[in-house]
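I opened the notebook to look up charge pairs, cores and ring contacts in one model. The entries follow in that order.

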Amino acid sequence: MALELTFPYKDVDGQTSHVDIFLPSNTPAAKPLHTILYFHGGGLTVGSRKSYFPRWIHDSSLKAGYAFMSADYRLIPPSTAHDILDDIQDLFRFLDKDVNRLLINSKKTDYQIDASSVFVSGSSAGGLCAYLAALHAYPKPKGVLSLYGMGGDFLTPQYLAVKTKPFFIGREMLDPVDFKDFLHPFPPDLLPTSDSPLAYHSLDDKDKPGWPKNLRMQLCRLYLQLGIFLDYFTGEHASSLSMQLRAILVSENKDPDTIVAVARLTIPEKHIRLFPQFLVDSTFPPTFLLHGKEDSAVHVQESYNMKNILDGAGVKAILRVVDGEEHSFDYAQGADKKHKALFDEAFVFIRKVFDGI
């Protein structure tokens with residue numbers, strides 16, 4: 001049975017962020033372990049290291065003799081993606097400088113972690129975190145496993161257009177009035193957090209049977225509905241970055257390259273580090289992308305665009321698009337059997353990267 005250990009890796013804003021470490025039971029402790037590091041989904045607005053837990057990645061990692069980790073990061077709002085990126089970089093510093101000392105001091109294991117051999121993974125918003133880690137973390141990750149990851153293309157109507165009818169997995173339109181405490185300007189009691197658990201109304205509830213009870217679970221959808229996600233992502237509210245980019249998107253010039261070039265000049269330089277599509281070069285690590293073709297939350301075009309960018313930079317990359325599948329399809333009952341060949345292919349890719357093949 002795998003050993004699970006939890007360590008704090010950062011204290012900031014009165015909050016402690018943790019990382020859970022799962023160690024294999026079938027591998028000799030003769031040398032430091034390769035690691036699969038996972039970032040949870042939730043639109044960057046909800047969840048923790050224990051939310052949306054990717055059982056198939058966890059199980060496959062341990063079976064292969066790798067360590068598996070799942071980490072907290074600060075949530076939007078009131079934090080921004082700048083804070084999330086800072087957390088990611090601090091997590092890698094922790095893995096590089098502190099984790100092995102803490103493993104030894106725990107007296108529960110002889111395993112050590114090779115901080116220079118970490119494969120980053122993530123689902124949806126966590127895929128975006130994986131991209132940011134690949135771009136900015138040190139030691140540089142060995143590879144990326146992106147599961148319907150956000151951030152492959154922020155210059156789309158999904159992020160920038162104001163929606164007037166259901167657009168997100170067929171779910172109802174939201175009333176902003178119900179979310180006033182999460183709309184800018186924020187009330188003073190909206191405090192930073194890296195842990196906002198998933199919670200649902202009872203199935204017996206007359207008004208909202210089984211609906212999300214934690215309002216944060218719907219925040220990403222609200223920001224997408226209003227076409228202002230990137231304002232909360234960057235913290236650029238006063239001049240509404242979303243409105244500026246929306247104007248470019250609906251302009252008469254429909255040439256994709258021109259739109260990208262004008263958008264790149266419009267986004268303030270301090271925020272460019274948050275946009276993976278502008279930063280990929282030949283040093284980006286090998287990447288395996290997995291996406292459902294019918295995904296209405298994070299459109300498959302994001303992974304197509306990221307694959308094209310990776311190809312253009314000469315980065316080893318594989319994209320697998322799964323026909324008929326929506327968002328989070330790998331969490332559906334029976335997905336581990338239905339998509340076994342695909343999941344196995346992802347881990348063959350990971351093994352080859354670790355082995356330098």
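**Entry 1: the salt-bridge network.** I began with the network of salt bridges that links K10, D13, R74, D83, D87, D90 and R93. My criterion for a salt bridge was a side-chain nitrogen of Lys or Arg within 4 Å of a carboxyl oxygen of Asp or Glu. By this rule I counted 23 salt bridges.

Before going on, I noted the ground rules. This is a predicted model, where local features need pLDDT of at least 70 and side-chain atom pairs count only at pLDDT 80 or more, while totals for chains, interfaces and linings use all residues. Residues are numbered from 1 along each chain as its sequence is written, and side-chain values use heavy atoms, with hydrogens and water left out.

**Entry 2: pairs one by one.** I looked up K10 and D90 and found their side chains meeting in a salt bridge at 2.6 Å, N to O. K10 is in strand β1 (residues 3–12) and D90 in helix α2 (residues 81–97), so this pair ties together parts 80 residues apart in sequence. Helices (H or I, at least four residues) and strands (E, at least two) are DSSP runs, numbered from the N terminus. Is K10 buried or exposed? K10 counts as buried because its relative accessibility is 11%. The cut-offs are under 20% relative accessible area for buried, over 50% for exposed, and partly exposed in between (1.4 Å probe, protein chains only).

Next I took D87 and R74, which form a salt bridge at 2.9 Å, N to O. D87 belongs to helix α2 and R74 to the loop between β4 (67–71) and α2, so parts 13 residues apart in sequence are tied together. Both D87 and R74 are buried.

Then I checked D20 and K50, whose closest N and O atoms are 2.8 Å apart in a salt bridge. D20 sits in strand β2 (residues 15–23), and K50 in the loop between β3 (33–39) and α1 (55–63), 30 residues apart. D20 counts as buried because its relative accessibility is 2%. K50, at 47% relative accessible area, is partly exposed.

**Entry 3: cores.** I grouped buried Ala, Val, Leu, Ile, Met, Phe, Trp, Tyr and Cys residues joined through side-chain atoms within 4.5 Å into nonpolar cores. The largest has 86 residues, and L37, F39, L44, F229 and F233 have the most contacts inside it. Helix α4 (residues 125–136) supplies the largest share of this core, 9 residues. A second, separate core has 24 residues, including F22, F119, L290 and V322.

What does F39 touch beyond its neighbours within four places in sequence? Its contacts include A71, Y73, I88, L91, V120, C129 and A133. Contact means heavy atoms within 4.5 Å.

**Entry 4: rings.** One aromatic cluster is formed by F154, Y159, F229, F233, F275 and F278.

I also looked for charges over rings (NZ of Lys or CZ of Arg within 6 Å of the ring centre and within 35 degrees of the ring normal). R264 lies over the face of F278, at 6.0 Å from the ring centre. The charged end of K163 sits over the ring of F167, 5.0 Å from its centre.

**Entry 5: L198.** I found L198 in the loop between α5 (157–160) and α6 (219–226). L198 counts as partly exposed because its relative accessibility is 29%. Leaving aside neighbours within four places in sequence, L198 contacts V46, S51, Y52 and M217.

Terms used: Rings of Phe, Tyr and Trp (its six-membered ring) pair if their centres lie within 6.5 Å; planes under 30 degrees apart count as stacked, over 60 as edge-to-face and the rest as tilted.
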